[in-house]
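Me: I would like a close look at one part of the model below, followed by an account of how the rest of the chain is put together.
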Amino acid sequence: MKRARPLWGTWSLVLAIGVALGMVALMLIPVMAGTAAPKPVEPQPAPQVVSPATPTALPPLDPEAPEPEAGVLGAGLDGILSSIEPDSKVSASVVDIATGREIYSRSGSQAGIPASSLKVLTAIAATDVLGEDHRFTTKVLLKDPQTLVLVGGGDVLLGSGKDSTAVSGRAGLETLAARAAKEILKAQAAGQLGPDLALEVDDSLFTGPGLNPAWDESLVTTNNIAIVAPLALYGARADSGPKSPRVKDPAMAAATSFAKSLRTALGAGAKAPRLSTDISRGQAGAGATELASVSSAPLGEQVRFMLEVSDNYVAETLGRLTAIAKGNPGDYQHGAKAVQEKIAELGIRSESLGLVDTSGLADGNRVSPLTLADALKFAATSNHVALRDLSYQLPVAGATGTLGTRLNTASTRGIVRAKTGSLVDVSSLSGITLTKDGRALGFSIMVHSHNGELAPHKDTLDAAATYLTGCGCR
């Protein structure tokens, strides 16, 4: 069922669309290479591809910008997509943002394998349920006079050091240890603690298997994913390197890092409490006392991080946290169900939607291009600023994330914003662009091949996005 139009009437709808299209106007800042002769002035920092701005501060585009003619646009896209071998399945949908009308379909309503384009749906569902300002808290509790418990609250981008300004590492375990040590020493001075302390880690917020059985085993050995836990360092990586290997037990790795920092913070004096080298799993219980806590980056920043670098671990975590926020268990089944149900609840066209995870790693996921294109249209024209921000959170052509080296031409750079998807035999591209006449379009294209290639025909998908961007199509 389509979402009902707000009751305040047509003028408000036009204004909302104008503001949303104004957001997309921020994409229209190509990164141009300078050609003027050098001048004897101090070098200036390179301009950002997208200037910081709030959605309400953007001037609206002309709502009367001409819509492409479906026949002309379709002929151009068919010519590009028809170059893919006949035994591959190619599906696509293009939606006019202003009207919500699908103006191109190539099996657009038929479900396909979305790969990481699915993360668009996870981002929308998590943002709508949790809110973009929501933060996840990691705590240290005193269970009894001899036992500390490190409790995971959903932050899987913890850092090993002090709090930082980065999204990954915003909450630091060294900071948490320093705060906890201060309270521990106070309690010891008051005679409330013994000389020896044990540490437990509580990762019980998530239930069920940490690995989805729908995932191929190779996804673990190639560092695409690890056991999903409610606390982890740097997205379950060994260190802050974006390509560093994933660890086998993310919660225990975080607890080990915390314990090291806590020993340092407690000091080595004769009167300092001694922290055991053994760490076990446990739960604090209702009577535990909170000693210290640290909070993650806001959800909106985590969503941007997830979309830009296509982080599977964060995506799977957000699915489980969305399920928990809706009152359900935090396992992979309820995570996928929570995202699927929220997408349908929002009125996004999702008749053929079937999710088995929230990252797109499983080839059992089924999403149509129309669902993804319509989801992008829904977000761009939403009454909620947090959902309209999705247009800012997608990778920018030729500039950021997984599009940093793609669509890097003068006609597309800084204009196309899209989520990529890559699996063996599967390639997808789903995003928003603007035609040369200033019309905003949401699009999604998927290719399912059978040649064992990773992300087949992604160059063809880029060619299709380039065509949409340069198309007047009238």
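Leaving aside its neighbours within four places in sequence, which residues is Thr289 in contact with?

Reply: Leaving aside neighbours within four places in sequence, Thr289 is in contact with Val140, Leu141 and Leu142, where contact means heavy atoms within 4.5 Å. This is a predicted model, in which local features need pLDDT of at least 70 and side-chain atom pairs count only at pLDDT 80 or more, while totals for chains, interfaces and linings use all residues. Residues are numbered from 1 along each chain as its sequence is written, and side-chain values use heavy atoms, with hydrogens and water left out.

Thr289 belongs to strand 9, which covers residues 289–295; helices (H or I, at least four residues) and strands (E, at least two) are DSSP runs numbered from the N terminus. Because its relative accessibility is 44%, Thr289 counts as partly exposed, the term for values between buried (under 20% relative accessible area) and exposed (over 50%), with a 1.4 Å probe and protein chains only. Its C-alpha atom is separated by 9.6 Å from that of Leu148, a residue 141 positions away along the chain.

Ser427, in strand 11 (residues 426–434), has a relative accessibility of 1% and therefore counts as buried. Apart from neighbours within four places in sequence, Ser427 is in contact with Gly421, Ile445, Met446, Val447, Ala455, Pro456, Lys458 and Leu461.

For the protein chain as a whole, the secondary structure comes to 13 helices and 12 strands, and 54% of the 474 residues count as buried. Among contacts with a separation of 6 or more, 70% are between residues 24 or more positions apart.

Helix 3 (residues 119–130) and helix 10 (residues 369–380) pack at an angle of about 35 degrees, their axes being 10 Å apart; the axes are lines fitted to C-alpha atoms, for helices over the stretch in contact, and angles run from 0 to 180 degrees between N-to-C directions. Val120, Leu121 and Ile124 of helix 3 meet Thr371, Leu372, Ala375, Leu376 and Ala379 of helix 10. By class, this contact has 7 nonpolar, 1 polar and no charged residues, where Ala, Val, Leu, Ile, Met, Phe, Trp, Tyr, Cys and Pro count as nonpolar, Asp, Glu, Lys and Arg as charged, and the others, Gly among them, as polar.

A search of the whole structure finds 19 salt bridges, each defined as a side-chain nitrogen of Lys or Arg within 4 Å of a carboxyl oxygen of Asp or Glu. One of them joins Arg439 and Asp96, whose closest N and O atoms are 2.7 Å apart. This pair links distant parts of the chain, with Arg439 in the loop between strand 11 and strand 12 (440–448) and Asp96 in strand 1 (residues 89–96), 343 residues apart. Both Arg439 and Asp96 are buried.

Arg474 and Asp437 also meet through their side chains in a salt bridge (2.9 Å, N to O). Arg474 lies in the segment after helix 13 (458–470) and Asp437 in the loop between strand 11 and strand 12, so this pair ties together parts that are 37 residues apart in sequence. Arg474 counts as exposed, at 57% relative accessibility, and Asp437 as partly exposed, at 25%. Salt bridges that share partners, finally, join Glu67, Asp96, Arg101 and Arg439 into one network.
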